[in-house]
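Let's take a walk through this one, starting with charged pairs and moving on to a sheet and a surface patch. Keep the structure open as you read.

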Amino acid sequence: MTDKSNSNDNGASDGSADRVIGTPSPSEGETIVAGADDPGAEHPGAYPAEETHAHSEEEQRRAEKTAAVWFLIAFLAGIGFFVAYFAFPPNSAGEPAIADPQIGQYSNMALGGTLALALFGIGAGMTVWARRIMPHYEVGSPYDELPSSPEEKGSFGDFFMRSADESGFTKRPLLRRTLLLSMVPLGLAPIVLLRDTGPLPGDKLKHTLWEDGLRMVVEGTNKPIKEADLAEDGAMITAFPLVEEGGGHGGEGGHLSLNDQAKTVVLLIKIPEGDFKPGMTEQQMNWTHNGIVAYSKICTHVGCPAALYERGSHRILCPCHQSTFDAAEGAKVVFGPAHRPLPQLPIGVDDEGYLIAKGDFSEAVGPTFWDAEKGD
Amino acid sequence: MSTTTQAPKALRGVGNWIDDRFHLAKTGEKNLRKVFPNHWSFMLGEIALYSFIILLVTGVFLTLWFNPSMAHTTYEGSYQRLNGVQMSEAYASTLRIDFDVRGGFLVRQIHHWAALIFVASLVVHMLRVFFTGAFRKPREINWLIGVGIFTLAMLEGLFGYSLPDDLPSGMGVRILQGVMLSLPVVGTYISMFLFGGEFPGEDIIPRLYMLHILLIPGILLALIVAHFMILWHQKHTQYPGTGRSEKKVVGTPMFPGFAIKAGGFFFFVFAVIVALSAFVQINPIHLFGPFTPTAITSGLQPDWYMGFMEGSLRIFPNWLDFPIFGYAVPTGVLVPGLVIPGLIFGGLAAWPFIEQWITGDKRAHNVADRPRNAPVRTAVGVAGVVFYGILWLAGANDILSHTFSISLYWTTYFFRVAAIAGPIIGFIVAKRICLGLQRRDRETLEHGYESGTIQQLPSGEFIEVHKESSQETVHVLESKTEVDRIDDEAIASVEESESDGVEAPAARGLKGRLRAKLAHWYTKDNVSFEGVEAHTGHHLHHGAGHEEHEEMAGSH
């Protein structure tokens, strides 16, 4: 503000360039009714204004016309909005209108464009009105003295305590305390009533559908996976357990529920011969089958699918927060915020050559929680 | 203009009818006369209010068709590309709004754009209030309400974003659940109760819907009403200037000036939001597909106001994770997901009281500070903005890495360092700039301003002519001396105790000493304006500039 005021001193000649936003330009038609030196002076408006800049009648008449043009534009745009609404008919049978994304876009632009113009026209007209027809002035108004006077405060305090004493609340502790006591259970009731919003966690988060002998299918199909499907080095498949039609695995009509999908989804990865790192324990190696290793796809950070696999470095990357796991070393965390490795699923093949699970995951899947690393 | 128009009979009738029942003539006039100081920065809060109104109206429209259900359905609607796809009713009904309801797509876009602008204007409005010290006594409670509105607005936005059950929206819920699970001991219980079982279950969208359209907007509305009632009662702060003082507010009265300007501004805000909705498409949920917990695309970005959370989750390392008796404490989730936002919101809420405690300034303030005149506060604010901004950028590190072909991991390393170094540098730089501006102010006050006119003295020396600043400028510059907030006693005691070991009573004890140290830190560098009289400096050369100055004074 200082800078502006400074340059204001350069004279009225270029004052218009430096005027504060929100104040009218010092146009020729403007007259000052009451100067700054004369704050109490009367003028025709409702206020004893400190500074009043009224516009000349001619200027006001011109502004009225400008505002009227804006309001007319707004009116026409408003009509245009209805035209745009009815110009794009609803989707009659077999005739997609706005259901076609391209036509939908046009409809959106036509509706939005006309509506925006209508709103803008009203805004512009009102602004012209406020700035070029109405006189501009500032008025002063006292801030209220906020704290009450000591007498008022004293009187209030006195009244309040007298009344409290009279009620007996201060003098009868038994009444007071039992009343407070009686409130406690009622205060807790709303919390207790929330108990049935969901089941207790128990060990639900630690177990999945996977069990010994369960076959695997490619995501989105019912096709069981054979070892040969992962013959190529570096191959990667997202897989689910195979749920039979009507089988008791929580699936409806051969589909896994989203809950089960979120827990059972695995990445099957073929690691080339000899690429497994020494960090893999013997048990972890036993859980693999001919270089095929299965890890939970759900990131142990906050649960996004760790969907990106780079075959060269054997790294699994979660695109949400970039936790990176080494598939050749028990899905150890090699970068990023995840707390623990992706749980590994023990796998093998059955008599017909289909890949099967040999049990449940080594650990709880999904985001790490309090007792995730505890046994049952 | 000279004769006042008689109020129309019908209006008088209604007015009398109301007044007979409420006795409102006096109150009504007082409120129509309420003064609104003029400054562009006072419009920021208005933008927030107007976008909130737009959100309420468009939100009601969307509820007419939206079906908050996670029941499975196979889509058989008019959007051909998703025909036969398994999805939730919520997603299917959102597609219906987009492709079967005329104007539905537009209203959904308006709702989303208004939400983005609502939170953005809240943030900028808050920064204005912070940097000008408008949160000081007596306005601390309104500041707290504002922090509450900001926090709830973010949650409200997150929940709304989650409702359509498209892929990114479901992933947002998943991340929320992951953060919840990280809470020691109670995490799994909270998650199970909120989701009605395991993730995703079938309850979360109906529950978020209730929170999004009933509970949170209800609280927001109540808080916004309280915010305005308090503002109305206490009146606005104002910037320093001629005629403005701690006792008197100067500005445009509510009626007619402000009402018409504000009305026009409402239509402008609405027009901009609608124009953006018409021509800049956001959140095209039909392109994302329905949520499944096992699929994801790379380059996912949340709405802007959740970006800092995303960033802090991305860059916070897992080095500090620790176990307690085999139980996991994943600080790599807890700290960025809960502690950092807790610090940001808690810090905002606590600042007015911290500052008051440090400075011992218990006076009421109606004239806003110029940010330079509170250098430490300004610097703290800048440090906060830098910290927030770096987290926000870190939330897009994959996009940055892709766009500028930088290694993804290196962006993470960079942001880890920047999140700590950035705020410190920001603090130092901002404080130095403030102090520099203070010195310049002092110079200007004492010597007038540099006119740009060079004169040669008879001795051959060249000098630049300084001219007297305007009344307004002097007033603004002198506002600093009025607002010095030095708790003299506390400061003096630090200096004393350093010299002769005698402590003032206020500075005794650990707390007292800390407070005195902080007060010293808060004020030590301030450029003193004490004893500086306007235009008394020796640089001031009347002569050439004087006539011009006379002219100026006349035109005021």
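Arg314(B) and Glu310(B) both sit in helix α12 (residues 307-315) of chain B, four residues apart, or about one turn of the helix. Helices here are DSSP runs of H or I with at least four residues, strands are runs of E with at least two, and both are numbered from the N terminus. The two side chains meet in a salt bridge (3.0 Å, N to O), meaning a side-chain nitrogen of Lys or Arg within 4 Å of a carboxyl oxygen of Asp or Glu. Arg314(B) is buried, with a relative accessible area of 1%, and Glu310(B), at 9%, counts as buried too. (Buried is under 20% relative accessible area, exposed is over 50%, and partly exposed is in between, using a 1.4 Å probe and protein chains only.) Also in chain B, salt bridges with shared partners link Arg136(B), Glu355(B), Asp369(B) and Arg377(B) into one network.

A word on the ground rules: this is a predicted model, where local features need pLDDT of at least 70 and side-chain atom pairs count only at pLDDT 80 or more, while totals for chains, interfaces and linings use all residues. Residues are numbered from 1 along each chain as its sequence is written, chains are lettered from A and ligands numbered from 1 in the order in which they are written, and side-chain values use heavy atoms, leaving out hydrogens and water.

Now hop to chain A, where Arg162(A) forms a salt bridge with Asp158(A), their closest N and O atoms being 3.1 Å apart. Both lie in helix α5 (residues 150-167) of chain A, four residues apart. Here Arg162(A) is exposed at 57% relative accessible area, and Asp158(A) is partly exposed at 42%.

Back in chain B, Asp98(B) and Arg108(B) form a salt bridge at 2.8 Å between the closest N and O atoms. Asp98(B) is in helix α4 (residues 89-99) and Arg108(B) in helix α5 (residues 104-131) of chain B, so the pair ties together parts 10 residues apart in sequence. Both residues are buried.

Next, the sheet. Four strands of chain A make an open, antiparallel sheet in the order β8-β9-β10-β11; strands pair if DSSP finds at least two bridges between them. β8 (308-310) and β11 (332-335) of chain A stand at the edges with a single partner strand each, so one side of each has no neighbour in the sheet. Three bridges join β10 (residues 324-326) of chain A to β11(A), and Asp326(A) stands opposite Lys332(A) in β11(A).
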